[in-house]
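Let me put the model up, and then I'll walk you through a few places in it.

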Amino acid sequence: MKLLAVHPSGLMYTRVFLTLEPLGLELVAGAARAAGHDVRMVDLQVEKPRRLWQEIDQWRPDAVCFGGNYLANMPEIIDTAKAIKARLPACFLFVGGHSASFVADDLLMHGGGTIDCVVKGEGEAAVPLLLRAVADGGDLLSVPGAVSRSGEGPPPRFVESLDTIRPARDLLARRRRYFIGTLDPCASIEFARGCPWDCTFCSAWTFYGRSYRVASPEVIAEELAHIREPGVFIVDDVAFVHAKHGLAIAEAIRRRGIRKQYYLETRGDVLLRNLEVFRAWRDLGLKIMFIGMEAIDDEGLRRFRKRIDLDHNMQALEAARSLGINVAINLIADPSWDRERFETIRRWCLEIPEVVNISVTTPYPGTEIWHTEQRKLTTRDYRLFDIQHAVLPTTLPLPVFYAELVKTQQVLNTKHLGLAAIRQTAGIIGRLLLRGQTNFLRTVWKFNSVFNPALQMADHARPVAYELPLPQASLADRRALYVHKPAGRRGRALDDATERFVDAGRVGVGGG
Ligand code: B12
Ligand code: SF4
C-alpha cells in the first residue's frame, strides 16, 4: 500500500525555541516500510501545506496517517482528514500518537466518518497489522489498540523489543530545519521508553502503564553512528534513570569514537544520584540539560506530587553547574498566581544563571489532574491545551494574567536571547552561519511575534469547532487512566535499588 504519514504544524513553543523531528511518526513509518509498504512523510512543522496537497493529488496514497501527540493539534488533524477524504474518498485515514490515544472516541466523533480508525498506544506493532487488515478487507478491530466507530479492538500491545525498530529518518526532506538552541541542526534519538514516576500533571506514565524499557547500548551506538546531524536530542522522559544503562551507552559510543553534542531532560534527584553518569556524558558532549523543577516552593512541589524537595532541586542545579553543563529549568505558572507571585518568580529567575521556561497548569486527558482538578475549565477548545494558555479560571483578569506571564517570559527571554547573550554566543552563531544554519539566530527576534498577550487573548476569542470531552468527575478506578495497562515491577527494566529510589520519589499508591 501507499502510506502517507503526516505530522501537523508546530505549536507556539516550536515557533521560537526549537523544532524537532517527529521521532514517533518516523518509527511508525519505519515499521510500515519494513512490512513492505511504500511510505512517504510530510512534516508540517517545517514544510508548507502545498507539499501535502501535492502528495494527495499526484501520488494519491491508499492510506494517510496523522501523528497526534499534541491535543492542540487535533482540530488541524480533523480538518485535514475531512479535506483529504473529500479529494480521495477511498483513502483510509487513521490517527495515532500520545494524545490521540486518550481522546480516540472523541476524534472519531468529530471526524464525522472521515477518520476511519484511531490507534491507541505504541504504533510500531499495530500499524503493519492495521495496514494488512485494510489491504485484505480484514477486521480492523482484530488489531490491538484499534478503535473505530464500530467499537474497540484488543488492548494495545508493546513492540517486542526496542532493539528491532528503527525510525525512517531518511523520509523527511527538510532535516536541516530541526534544531534546539545552539544544537542546530539536531536529530532525535530514544534510549529508553516510559517513566516509572507518576506526577499528577503528566501523562507520560499513564500512556506507558508506568513501565520503563530500554534499548541495548550497542544498538543505540549503531543508530547514532548513522545520524548525520552534529546535535542530538535524547527524547527520554527522564534520562539516565538507570546508571548502569547510561554508562554502558556512553562506553559503546566512546568505543566507536562518535562525537556529538547532546541535549536531554531529567529530574534533579536522578542527576544527584547518578552524577558519575552525567559526568561521563559531559565528557562525551552533553551540552544542555532540562530539569523539570515545576515549582520553587515545597508546597508547589507537593501539589504536583514531585517528591523532591526544594533543597534537592537547588543541589541538583549546583551539581549541574559544577559539571559545566548548561541547565534549562521548567516552572509551572498556576492560574491562581497574582502580580506579586509573578514578580517573585521574575526576581528569582534573574538571580540564577539558568534558562527558565514557564508553562501554565493545564489539566488534560491522561493526567490525574484532568479528573481531580476542582476548578472548572473555562474552555474546552483543543487548540488552547498547549500549556501556554490558561484553561482554568485565573485570579487576575485574563488579559492581566497573560500580560504578567509574557512579561515574565520576556524577562527570561531577554536574559538568554538579548544582546548580551548574543554577544556571548557570537562565535557559535558565526560558525552556524558558515554552515548555512540560521535556525538558532532566528529565535532571537521571533519571540515578540509569538509570545504576545494580545495574540493569546485573540486565541480565546476564535470560534470553536471542536471541544474536548468533559472530564469524568471522579477517579474511582485509577487503572482507567492508562493506555497500556501496567504490568507492575516486571514492566520496568530497573534494578532493585533504582526501583526503591523511584518509589521513594513518588506517591506510592495504586497504579503499577
Ligand atoms: C520529546 C518531546 C517533545 C519534543 C519533540 C516533539 C516532537 N517534535 O515530536 C519537544 C521538546 C519539541 C516537545 C515540545 C512540546 N511538548 Co512534548 N514531549 C516530548 C516527549 C518527552 C517524548 C515524545 C517522543 O518523542 N517520544 C518518543 C517517541 C518514540 O514516542 P511517541 O512520539 O509518543 O510515538 C509513539 C506513540 O505515541 C505512537 N505514535 C506516534 N505517532 C503516531 C502516529 C500514528 C499514526 C500511530 C498509529 C502511532 C503513533 O507510536 C510511536 C512509537 O511507539 C513527550 C512525553 C512522552 N513520553 O510522550 C512529551 C509530550 C508529548 N509533550 C507535551 C507537551 C505539552 C509539549 C509542548 C506543548 C510543551 C510546550 N512547552 O509548549 C510542546 C509542543 C511541541 C509541538 N509539537 O509543537 C505533552 C503532550 C501534552 C498533550 N496532551 O498535548 C507530553 C505528553 C509530555 C507530558 N509531560 O505530558 N515535546
Ligand atoms: S518524572 Fe513526572 S513529569 Fe517527568 S515524565 Fe515522569 S511522570 Fe512525567
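Predicted model: local features only at pLDDT ≥ 70, side-chain atom pairs only at ≥ 80, totals over all residues.

Let's start with a helix pair: the crossing of H9 and H11 is left-handed. By that I mean the near helix is turned anticlockwise from the far one by less than a right angle; clockwise would be right-handed. When I say helix, that's a DSSP run of H or I with at least four residues, a strand is an E run of at least two, and both are numbered from the N terminus.

Residues are numbered from 1 along each chain as its sequence is written, while chains are lettered from A and ligands numbered from 1 in the order in which they are written.

Back to our pair. H9 covers residues 243-256 and H11 covers 275-284; they pack at an angle of about 20 degrees, with axes 9 Å apart. That makes H9 roughly parallel to H11. The axes are lines fitted to C-alpha atoms, for helices over the stretch in contact, and the angles run from 0 to 180 degrees between N-to-C directions. Under 35 degrees counts as roughly parallel, over 145 as roughly antiparallel, 65 to 115 as roughly perpendicular, and the rest as oblique.

Which residues of H9 and H11 meet? On the H9 side, Ala-243, Gly-246, Leu-247, Ala-250, Ile-253 and Arg-254, and on the H11 side, Val-277, Ala-280, Trp-281 and Leu-284. Contact here means C-beta atoms, placed from the backbone, within 7 Å. By class, that's eight nonpolar, one polar and one charged. Nonpolar is Ala, Val, Leu, Ile, Met, Phe, Trp, Tyr, Cys and Pro; charged is Asp, Glu, Lys and Arg; the others, Gly among them, are polar.

Now a second pair, H1 and H6. The axes of H1 and H6 (residues 126-136) come within 8 Å and cross at roughly 50 degrees. That makes H1 oblique to H6, and the crossing is right-handed. Val-28, Ala-31 and Ala-32 of H1 touch Val-127, Pro-128 and Leu-131 of H6. The class count for this contact is six nonpolar, no polar and no charged residues.

H1 turns up again at ligand 1. That ligand has 39 residues around it, the closest being Leu-11, Tyr-13, Gly-24, Gly-96 and Gly-123. A residue is counted there if its C-beta atom, placed from the backbone, lies within 6 Å of the molecule. H1 (23-34), S4, S5 (92-96) and H4 (98-102) each supply at least two residues of that shell, and H1 gives the largest share, five residues.

On to ligand 2. Around it sit Cys-195, Trp-197, Asp-198, Cys-199, Cys-202, Ala-204, Trp-205, Asp-237, Val-238, Arg-267 and Gly-292. That shell has seven nonpolar, one polar and three charged residues. One of those, Trp-197, has its C-alpha atom 9.8 Å from that of Ala-504, although the two are 307 residues apart along the chain. Ala-504 is in H20 (residues 496-504) and is exposed, with 11 other C-beta atoms within 10 Å. The cut-offs, again with C-beta atoms placed from the backbone: 20 or more others within 10 Å is buried, 12 or fewer is exposed, and in between is partly exposed.

Where is the cis peptide bond? From Asp-184 to Pro-185, with omega near 5 degrees. Pro-185 is in the loop between S9 (179-180) and S10 (186-189). Its C-alpha atom is 7.1 Å from that of Gln-437, 252 residues away along the chain, and Gln-437 is buried, with 20 C-beta neighbours inside 10 Å.

Two arginines have positive phi. Arg-60 is near 50 degrees, in the loop between H2 (49-59) and S4 (63-67), and is partly exposed, with 13 other C-beta atoms within 10 Å. Arg-210 is near 55 degrees, between H7 (204-207) and S12 (213-214); with 26 C-beta neighbours inside 10 Å, Arg-210 is buried.

Zooming out, the chain has 20 helices and 17 strands, and 46% of its 512 residues count as buried.

Definitions and conventions: Contact = placed C-beta atoms within 7 Å.
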